[in-house]
Amino acid sequence: PFSAFTRSAFIAKKRNYDQPNWFGVALAFGTSAALWAFLFKQHEDDVMEYERRKAERHHKCTGCS
Amino acid sequence: MAFLPDESRSLPPPPLVNKGSVWLGLCGWVAALLDNAFNRRPVIRAGVHRQVLFTTMGWFVGYFLIKRTEYVYAKVDRELFEYMRQHPEDFKMGGS
């Protein structure tokens, strides 16, 4: 085959879907889970950082009472 | 300029369910459905792992894009209000 990005209709094979591509499935679900976990953690961190800075700003302006 | 400068963390973060995430998540899901259609597979029943992955990627990218969007809007607002503060004569409301 020439290029990896083109698929000539003359030499194309019909895909066989009898057996699931378990490796691909595991990779896809695994990556999705990792992305969601990272996103939730990132959001938690963002909220904490925002609250922290808000408290810091309030503290600086009003001083300690 | 950095994608998300440090001062962007002083802004309230967007909720996990936000416009960008929902829209790009939907785009990702539709892309997976289209992939099924183009490859002559059952459109919604096939490749669920692919649908989940594409939707997740869209949701993920959407969150960070919305964060940057809100930062850019806030920055422009800050500059606008600062200009208005420095040129009050140009922004006199009411008569006289």
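The structure is a predicted model, in which local features need pLDDT of at least 70 and side-chain atom pairs count only at pLDDT 80 or more, while totals for chains, interfaces and linings use all residues. Residues are numbered from 1 along each chain as its sequence is written, chains are lettered from A and ligands numbered from 1 in the order in which they are written, and side-chain values use heavy atoms, with hydrogens and water left out. The model scores ipTM 0.88 and pTM 0.86. For chain B the average pLDDT is 95, and 97% of the residues score at least 70; pLDDT is the predictor's confidence in each residue, from 0 to 100.

At the interface, 21 residues of chain A are in contact with 22 residues of chain B, contact meaning heavy atoms within 4.5 Å. Eight residue pairs across the interface, both at pLDDT 80 or more, are in polar contact. A polar contact is a pair of N or O atoms within 3.5 Å; within protein, one must be able to donate a hydrogen and the other to accept it, and residues adjacent in sequence count only if both atoms are side-chain atoms. The side of chain A that touches chain B comprises 11 nonpolar, five polar and five charged residues. In this classification Ala, Val, Leu, Ile, Met, Phe, Trp, Tyr, Cys and Pro count as nonpolar, Asp, Glu, Lys and Arg as charged, and the others, Gly among them, as polar. Two salt bridges are counted between the chains, a salt bridge being a side-chain nitrogen of Lys or Arg within 4 Å of a carboxyl oxygen of Asp or Glu. The side chains of B:K67 and A:D46 meet in a salt bridge with an N to O distance of 2.7 Å.

A:S32 is placed in helix α1 of chain A; helices (H or I, at least four residues) and strands (E, at least two) are DSSP runs, numbered from the N terminus. With 2% relative accessibility, A:S32 is buried, where buried means under 20% relative accessible area, exposed over 50%, and partly exposed in between (1.4 Å probe, protein chains only). A polar atom of the A:S32 side chain lies 2.9 Å from the backbone oxygen of A:A28. Not counting residues up to four places away in sequence, A:S32 touches B:V52, B:L53 and B:T56.

Over all chains, the structure holds 11 salt bridges. A:E49, in helix α1 (residues 22-62) of chain A, is buried at a relative accessible area of 12%. A:E49 forms a salt bridge with A:R52, the closest N and O atoms being 2.8 Å apart, and the two residues are three residues apart in the helix, about one turn. A:R52 is partly exposed, at 43% relative accessibility. The side chain of A:E49 also makes a polar contact of 2.7 Å with that of A:R53. A network of salt bridges links A:E49, A:R52, A:R53, A:E56 and B:D6.

In helix α2 of chain B, B:K75 and B:E79 lie four residues apart, and their side chains meet in a salt bridge (3.1 Å, N to O).
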